Structure formats: structure tokens, C-alpha cells
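Okay, thanks everyone. Let me put the model up, and then we'll walk through it piece by piece.

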Amino acid sequence: MLNSDRPFVLSIGGFDPSGCAGVLADIKVFEECGVQGIAALTCNTIQTDISCEKIDFFEESAVLYQIKILLDRFPVSVIKIGLVQSPQIIISIRKLLDEIESEAAVIWDTVSAPTFYQTDRYSAFYTNPEITIQALNSVDLITPNIDELDAISSGTAHQTHDTMVLLKRGHETTGSESCLDTLYGYTDEPIEFKAPRLAEDYKKRGTGCVLSSAIAAYKSLGNDWPESIRMAKEYINQYLLSGQGLIGKHQGNDIGNKISIR
């Protein structure tokens with residue numbers, strides 16, 4: 001018998017030893033949000049909060065074996081996927097979920113490498129439009145920033161997918177006093193989420209990881225997608241405001257007390 005009254009959320013991603021991103025960051029978010037976090041590793045990164053020296057990816061079979069063992073034991077309601085070697089593994093994960101009849105919702109944070117790992121992070125990632133479209137159709141929601149969306153769209157513009165897209169604009173340097181993220185595909189009309197733009201001093205590592213895992217956590221608690229995103233936006237803004245410097249403090253239990261997301 002499982003001794004847990006909390007929903008289970010699975011993080012599939014890399015091991016960032018600095019704890020700023022990857023499954024270590026995800027597990028912190030899950031705990032703060034009041035859900036039971038478990039994890040399967042796709043790779044080991046040799047890095048700190050300011051540099052990444054190397055990424056060692058695991059064989060696909062090893063990743064899938066980890067996932068299957070966990071899903072055979074735990075009733076996972078939401079899966080968050082982070083750093084993977086290629087979109088092909090997303091397709092393989094979807095096939096595994098179908099084989100074991102899992103109804104878990106799947107969020108893919110479409111990062112292809114740590115921000116500071118290499119100049120062109122996308123050159124060897126979204127090179128096969130057919131595989132990319134299949135990967136997109138294998139998940140419920142992706143959370144790209146502008147650069148990631150441009151890379152995904154390259155070569156796939158005339159192909160369709162049913163995946164919801166949360167387009168993040170937090171890194172845009174437009175001079176605006178607010179950040180506007182947009183959810184496409186939930187309804188016919190886009191849904192916007194507006195938050196204050198913070199000073200550069202509050203920049204943090206791993207914000208994409210934290211946001212997507214918070215969405216997963218709040219979705220597992222029974223919220224719909226827009227409400228899960230709104231609550232996750234509150235979480236990430238509190239994370240950013242937790243102090244100056246690249247490493248943030250998780251304080252999700254204070255959601256709603258400091259920031260208003262409209």
C-alpha cells in the first residue's frame with residue numbers, strides 16, 4: 001500500500017548538481033506545492049550555476065526502464081519532461097505511456113541544453129521536422145521561450161499539431177514594465193498571463209524548469225490548465241523575488257501573498 005494522500009508527479013530530466021534546474025529543482029517545486037515528486041534521469045550534467053562543462057546522456061532504453069519501473073508502482077497524474085537528447089525520446093515515452101495505459105498529462109519544457117552551454121543550442125536538436133511534429137503530438141503542453149519556439153517552428157510551419165503552447169516572454173528586453181506569456185490551443189482565443197517585469201538583479205537560473213514543474217504540480221492538484229499556469233506564474237515570480245543572485249529560494253506555500261498574475 002502507498003502511504004501518500006498527495007498526487008504523484010514524475011519529473012523526467014537531467015541531474016544538475018547545482019540544484020538550479022533539472023530534477024533537483026523540480027523535486028523542490030513539487031514539495032513546496034504539496035505533491036509527491038518522483039524522478040527519472042535522462043542525463044548527468046557537469047555544471048555549476050554559471051557554467052556547464054559537459055552533458056552525459058543516458059541510453060534511451062535506460063531512461064524508459066526508469067520510467068516504467070516508477071509508473072508500475074506509482075499512480076502518476078502528471079509528467080514533466082525537461083532536458084532530453086532529442087525529440088525522438090519524447091515519442092518513445094509516449095509509446096510507453098500508451099502501452100501501460102497511463103492517462104498522465106504530459107508537459108514538455110522544450111529546453112535543448114543549459115542556456116550557457118553552447119552558442120547555438122538548437123542546431124543539432126530540431127533537425128527533423130517529422131520527428132519534431134510527432135514529439136509535439138505526444139504531449140499535452142509545451143513551454144518554449146521565443147528562441148525555442150522559433151527553432152521548433154523552423155521547417156514545421158506548414159504542419160499541424162494539437163499541442164497547447166505556453167509561449168514565455170520573460171527574457172524579452174522590450175523595455176516594457178510587464179511580462180506577457182500567452183497560452184495557445186486551450187481555447188480558440190489565446191489566453192494571456194501578465195506579470196511585473198523584474199530588475200536584472202533578480203535574474204535566476206532554472207526559471208523555465210521551475211515554471212513548468214509548478215504547472216505540473218498545480219495541474220495534478222485538480223486545476224485546469226489556465227489556472228495551473230496562473231498559479232505557476234505566481235510561484236516563479238516569488239522565486240525570482242526571493243533574493244538577488246542566480247540561486248533562488250522556493251517559497252511556494254506563500255502563493256498569492258506577493259504577486260498578482262492577471
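So, to start us off: which residues of α4 are buried? They're T132, I133, A135 and L136. Those four span an arc of only 160° around the axis, so they sit on the same side of α4. And keep in mind, by the way, that this is a predicted model.

What covers those buried residues of α4? The cover includes α3, β5, β6 and α5. While we're on this helix, have a look at where α4 starts: a side-chain oxygen of N128 comes to within 3.1 Å of the backbone nitrogen of E130.

Now, β5 came up in that list, so let's move over there. A105 and I107 point one way from the strand, V106 and W108 point the other way, and all of them are buried. On to the neighbours. β4 and β5 run parallel, with four bridges joining them, and V78 is the residue opposite A105. Then there's β6, residues 141-142, which is also parallel to β5 and is joined to β5 by two bridges. Here I107 has L141 standing opposite. If you trace β4, then α3, then β5, you get a right-handed β-α-β unit.

Okay, the packing. The largest nonpolar core has 33 residues, and the ones touching the most other members are L10, I12, I67, I79, I81 and W108. Quite a few elements supply at least two residues each, among them β1, β2, α2, β4 and β5. Which element gives the largest share? That's α3, with six residues. Take I79 as an example: leaving out residues up to four places away in sequence, I79 touches L10, I12, L97, A104, A105, V106 and I107.

There's also a second, separate core of 27 residues, which includes V35, F193, V210 and L211.

Last stop, C33. You'll find C33 in helix α1, which covers residues 22-33. Buried or exposed? The relative accessibility of C33 is 11%, so C33 counts as buried.

Terms used
Residues are numbered from 1 along each chain as its sequence is written. This is a predicted model: local features need pLDDT of at least 70, side-chain atom pairs count only at pLDDT 80 or more; totals for chains, interfaces and linings use all residues. Side-chain values use heavy atoms; hydrogens and water are left out. Buried means under 20% relative accessible area, exposed over 50%, partly exposed in between (1.4 Å probe, protein chains only). A nonpolar core is a set of buried Ala, Val, Leu, Ile, Met, Phe, Trp, Tyr and Cys residues joined through side-chain atoms within 4.5 Å. Contact means heavy atoms within 4.5 Å. Two strands pair if DSSP finds at least two bridges between them. A crossover is right-handed if, with the strands pointing away from the viewer, the path from the first strand over the helix to the second runs clockwise. The arc is that of the directions from the helix axis to the C-beta atoms. A polar contact is a pair of N or O atoms within 3.5 Å; within protein, one must be able to donate a hydrogen and the other to accept it, and residues adjacent in sequence count only if both atoms are side-chain atoms.
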